[in-house]
Amino acid sequence: MSSNTGYSDKNAKSVKIRPSGEKDTDKYIQSSWQRCRDQYKMSPDSNVELVSLSESEVRQRREPMEKLLSDSEEVFDKIRTVSKQSGYAVLITNTEGVVVKSYADSNISHDLEQKGLRQGTLWSEKIVGTNGLGTCLTECRPVTVFAEEHYGFNLHNFSCSAAPLISPDGTPFGALDISTYASGNRLYQALALNLVCETADEIEAIVFKNAYANQRVISLSFSPHRPETNALIAVNDSDTIIAATTPLLLALGCRDRYELVGRKFQEAFSDNPGQLESSVVLEMLIQLKGKPHKLYATLLHNSAVERRMKAADSAASKPSASGLQTHSAEAQASDTPLFSAAGKEPLLLKQASRCQRIVNKGISILLQGETGTGKEVWARALHESSDRADKPFITLNCAAIPESLIESELFGYGAGTFTGGLKSGKVGKIQASHGGTLFLDEIGDMPIELQASLLRVLAENEIIPLGEVNPVKVSLNVICATHRDLKELVSRGDFREDLFYRISGFQVALPSLRERQDKPVIIENVLRALCRDEENAENVQVAPEALNVLCQYQWPGNIRQLKNVLQYAMCMREGDLIQSDDLPDEVFAEPAAMSSEAGARSYAPPSRMVSMAGLTEAGVEQPPLSEKEELEQVLEQNRWVVTRAARALGISRSTLHRKIKKYNLFIDEAAGESDSPA
């Protein structure tokens with residue numbers, strides 16, 4: 001891994017954080033500068049160093065996105081054509097901000113490559129400061145970072161427009177960026193931002209159709225003459241809407257995707273989805289927040305759905321002689337320890353699906369989450385869902401063993417190496433896990449001196465026990481976990497950067513118990529496990545009042561604390577029903593204020609949907625927005641496309657144009673001409 005300082009212009013002005021209230025920069029730029037200054041402790045008048053990953057490290061991060069890159073080739077070709085004509089470089093990253101693919105098709109973009117805008121560079125906001133890709137991923141929204149809006153002094157010559165790449169459940173899996181040299185007025189970048197957003201929408205639609213290839217995917221449009229759009233929903237066999245794309249949610253003005261997702265199709269729309277089978281385009285009405293929308297729906301047939309329908313018809317006409325039920329490959333895939341560990345939590349079910357795909361691909365996995373969120377349970381589920389399930393699962397808690405003993409625990413030692421040691425020597429954890437899985441818990445607490453040795457082992461797949469000379473080959477599969485922010489440790493010099501990228505090929509975020517939507521399921525599972533270990537407890541249940549108390553509690557100690565609370569309640573109960581009086585006093589106390597560290601750490605990816613309700617992060621309602629502020633907010637949410645914004649506001653385009661002119665919100669006439677119907 002190498003670093004470079006990129007491009008430096010000594011005549012560029014240093015970044016200054018402007019007072020709140022000034023309107024010469026977007027709010028997200030102000031927020032990013034604030035993070036750079038207060039959280040990342042960056043100096044605004046210094047150059048930033050661009051981290052460059054090795055080819056193997058980039059390949060490891062690109063592998064989970066290979067299918068996407070292949071399926072979206074035509075979409076990328078279109079943006080490459082425009083970028084070539086306009087002198088832009090095209091960059092695609094994963095969620096870390098690592099550029100896994102780049103396109104340079106013009107002399108200007110070739111020059112940009114030399115300045116650092118190329119495959120393999122890392123654009124995390126924590127490392128590079130305010131920049132298009134890093135800030136887009138942090139804010140989970142489309143952004144333009146123009147010239148001196150970059151926090152790094154040596155990035156002031158660039159203009160970057162980026163949009164998040166959104167998965168079907170609304171979480172980002174990467175970002176798309178087009179960058180060039182900054183020139184002219186920032187408002188001219190509206191066209192670039194709109195281009196990158198439209199391309200991101202097309203990619204989202206491709207991913208969406210692939211994800212729900214075995215469901216009914218319905219395209220929705222505001223015009224009967226444009227049935228093929230990126231505004232899509234997926235409907236399952238129970239006629240429930242299970243997913244929706246971002247363009248549709250934005251067009252309908254949804255603050256939250258669950259205003260639509262999770263509803264019965266017929267409850268949301270005026271018709272039954274079965275009517276789409278016999279219609280090319282069907283006019284429908286949808287009611288959202290008491291406001292009707294007329295839409296035109298088209299069922300997008302695909303081979304998977306057609307095969308399933310044919311199979312169903314065949315099964316109905318030809319009863320099975322054996323009477324045995326058949327299961328789809330999807331159902332079989334979901335019947336694994338990973339999906340059992342995920343419970344009913346949507347975020348974890350998505351993580352389980354991703355992990356199932358990569359668990360046998362040799363990609364390193366890093367589990368992140370607060371203490372007590374079940375990182376070891378997840379690691380064991382990964383092992384049991386892999387091809388190594390019949391081999392050893394070995395654990396080592398790096399925080400629970402004295403520093404002086406970790407090395408011998410990991411690598412083992414030969415006969416006579418230590419006074420008081422075993423005469424025959426000892427096999428270390430790494431060698432003991434040969435062919436199976438080694439789980440290194442709390443990897444962030446591993447001494448810095450030992451990290452170099454671990455890195456060498458991971459690179460060479462061999463160890464040398466202490467006191468020995470000859471190396472021992474090992475077949476390694478290492479899963480690491482931590483509750484600490486490893487990137488922050490890297491920035492402080494307490495954790496090796498090269499080791500971090502070696503162990504974090506795929507990062508799994510385990511939400512805290514207070515964030516999970518399936519608390520009743522977790523409580524039931526933990527209780528059943530406790531009951532199995534106690535005689536005559538198989539019928540113990542939690543009373544509804546007690547269950548409500550447990551679901552409302554904040555659980556700073558997560559699942560580990562839940563287990564302790566239920567153990568206490570089991571001891572206090574009189575019969576087979578755990579009542580509120582059987583619970584310890586701690587669960588009735590006022591929720592303790594989250595520490596600044598825990599409050600700042602959020603493992604759940606942010607939603608791309610922008611709230612229009614004027615709520616602070618704490619959920620406290622603010623004074624009503626002025627007309628100008630509301631217009632700015634809706635225009636920004638709809639990417640300054642007037643047709644979409646007018647529809648969201650419930651007014652005509654001409655009325656909105658008059659208001660834009662009245663408040664002087666969008667003076668770039670050239671960009672205004674980019675308006676197109678949704």
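**A strand pair and its setting**

Modeller: In this predicted model, I233 stands opposite A244 in β11. The two strands concerned are β10, residues 232-235, and β11, residues 241-244, which pair in the antiparallel sense over three bridges. Five residues lie between the strands of this hairpin, and D239 takes a positive phi near 65° there. In general, strands of a sheet pair through backbone hydrogen bonds, in either the parallel or the antiparallel sense.

The parallel sense is found elsewhere in the chain. An open sheet of five strands, with parallel pairing, runs in the order β15-β18-β21-β14-β22. Its edge strands are β15 (393-397) and β22 (506-509), each of which pairs on one side only. On average, neighbouring strands of this sheet are turned by 20° against each other, direction ignored. Within the sheet, β14 (residues 365-368) pairs with β22 in the parallel sense over four bridges, and L367 stands opposite V508 in β22. Helix α15, residues 375-384, packs on this sheet and touches β14, β15, β18 (437-441), β21 (478-482) and β22. The direction of α15 makes about 155° with that of β14.

Helices also pack against one another. Such a pair is described by the angle between the axes and the distance between them. Helix α4 (residues 73-86) and helix α8 (residues 190-211) pack at an angle of about 170°, and their axes are 10 Å apart. Angles over 145 degrees count as roughly antiparallel, and α4 and α8 are therefore roughly antiparallel to each other. From α4, the contact is made by V75, F76, K78, I79 and V82; from α8, by L195, V196, T199, E202, I203 and I206. By class, this contact of α4 with α8 has eight nonpolar residues, one polar residue and two charged residues.

These parts belong to a protein chain with 28 helices and 24 strands. Of its 678 residues, 48% are buried. Among the contacts in the chain with a separation of 6 or more, 66% are accounted for by residues 24 or more positions apart. The accessible surface of the protein chain comes to about 32400 Å², and 49% of that surface belongs to carbon and sulfur atoms.

Definitions and conventions. Residues numbered from 1 in each chain as written. Predicted model: local features only at pLDDT ≥ 70, side-chain atom pairs only at ≥ 80, totals over all residues. Heavy atoms only, no water. Pairing = 2+ DSSP bridges. Axes fitted to C-alpha atoms, helices over the stretch in contact; angles between N-to-C directions. Contact = heavy atoms within 4.5 Å. Parallel < 35°, antiparallel > 145°, perpendicular 65-115°, else oblique. Nonpolar A, V, L, I, M, F, W, Y, C, P; charged D, E, K, R; others polar. Buried < 20%, exposed > 50% of the residue type's maximum accessible area, 1.4 Å probe, protein only. Areas by Shrake-Rupley, 256 points an atom, 1.4 Å probe, with all protein chains shown as cover.
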